[in-house]
Amino acid sequence: MDFKKGPFHLAKEIKADIVPVAIVGANRLFKPGQIVPTPGNIVIRYLEKIPKDVVETTSLEDLQAMVRTKLQEGLETVPDHVIYDSHKRPMGYSIFMLGLMYAFWATVGKLVLN
């Protein structure tokens with residue numbers, strides 16, 4: 001699947017660095033049709049940034065290729081076991097769920113009240 005060009009146009013226009021971020025395991029925690037995530041782990045890797053001077057002077061297609069390469073290299077070292085067994089719950093899972101529910105209801109409340 002190819003990257004959309006919009007974020008690359010935006011980075012060039014505002015002269016910003018690009019920081020590729022690899023998220024692994026989220027698809028195992030949020031299955032189709034599921035509202036609440038399954039307990040488990042995800043790995044988030046913030047990869048080496050592409051400086052704004054490189055962003056400004058590089059074509060969109062080359063930027064897309066650079067980001068794809070960085071993501072592929074960053075994902076090579078991710079362990080296969082990034083999720084807990086379904087019967088185990090991580091220590092902070094309940095706190096995470098409470099925070100998620102609070103954020104949801106705070107957002108819904110603002111939408112309803114406005």
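Where in the protein is confidence lowest, and where is it highest? I looked this up before anything else. Helix α5 (residues 93-113) is lowest, at a mean of 59. Helix α3 is highest, at 93. The score is pLDDT, the predictor's confidence in each residue, from 0 to 100.

**Entry 1: ground rules**

I am reading a predicted model, where local features need pLDDT of at least 70 and side-chain atom pairs count only at pLDDT 80 or more, while totals for chains, interfaces and linings use all residues. Residues are numbered from 1 along each chain as its sequence is written, and side-chain values use heavy atoms, with hydrogens and water left out.

**Entry 2: confidence**

I looked up the mean pLDDT of the protein and found 75. A score of 70 or more is reached by 67% of the residues. Over residues 83-87, pLDDT stays under 50. For that stretch the model has nine contacts beyond four places in sequence. A contact means heavy atoms within 4.5 Å.

**Entry 3: the layout**

I listed the helices and strands next. Both are DSSP runs, numbered from the N terminus: helices are H or I with at least four residues, strands are E with at least two. The protein has five helices and two strands. Along the sequence the pattern reads α-β-α-β-α-α-α.

Then I looked at burial. Buried means under 20% relative accessible area, exposed means over 50%, and partly exposed lies in between (1.4 Å probe, protein chains only). Of the 114 residues, 24% count as buried. The protein exposes about 8700 Å². Carbon and sulfur atoms supply 62% of that area. Accessible areas come from the Shrake-Rupley method with a 1.4 Å probe, and for residues only the protein chains shown count as cover.

I also checked how far along the chain the contacts reach. Among contacts between residues at least 6 apart in sequence, 73% join residues at least 24 apart.

**Entry 4: helix α4**

Which residues of α4 are buried? I found L60, L63, Q64, V67, L71 and G74. Seen down the axis of α4, these buried residues fall within an arc of 100°, so they line one face of the helix. The arc is that of the directions from the helix axis to the C-beta atoms. An α-helix has 3.6 residues a turn, so residues three or four places apart point the same way.

I asked what covers this face. The cover over the buried residues of α4 includes α1, β1, β2 and α3.

α4 has 16 residues and reaches 23 Å from its first C-alpha to its last. That is close to the 22 Å expected at 1.5 Å a residue. The expected span is 1.5 Å times one less than the number of residues.

I picked out Q64 in helix α4. Q64 is buried, at 13% relative accessibility. Not counting residues up to four places away in sequence, Q64 touches F3, K4, K5 and F8.

**Entry 5: salt bridges**

How many salt bridges does a search of the whole structure find? The search finds two. A salt bridge is a side-chain nitrogen of Lys or Arg within 4 Å of a carboxyl oxygen of Asp or Glu.

One joins E61 and K5, with the closest N and O atoms 3.2 Å apart. E61 lies in helix α4 (residues 60-75) and K5 in the segment before α1 (6-14), so the pair ties together parts that are 56 residues apart in sequence. E61 is partly exposed, at 44%. K5 is partly exposed as well, at 38%.

The other joins D17 and K49, at 3.2 Å from N to O. D17 sits in the loop between α1 and β1 (21-24), and K49 in the loop between β2 (43-46) and α3 (52-57), 32 residues apart. D17 is partly exposed, at 32%. K49 is partly exposed, at 44%.

**Entry 6: single residues**

I stopped at K15, in the loop between α1 and β1. K15 has a positive phi of about 55°, although it is not a glycine. K15 is partly exposed, at 48%.

I14 is in helix α1. I14 is exposed, with a relative accessible area of 53%.

V43 is in strand β2. V43 counts as buried, at 18%.
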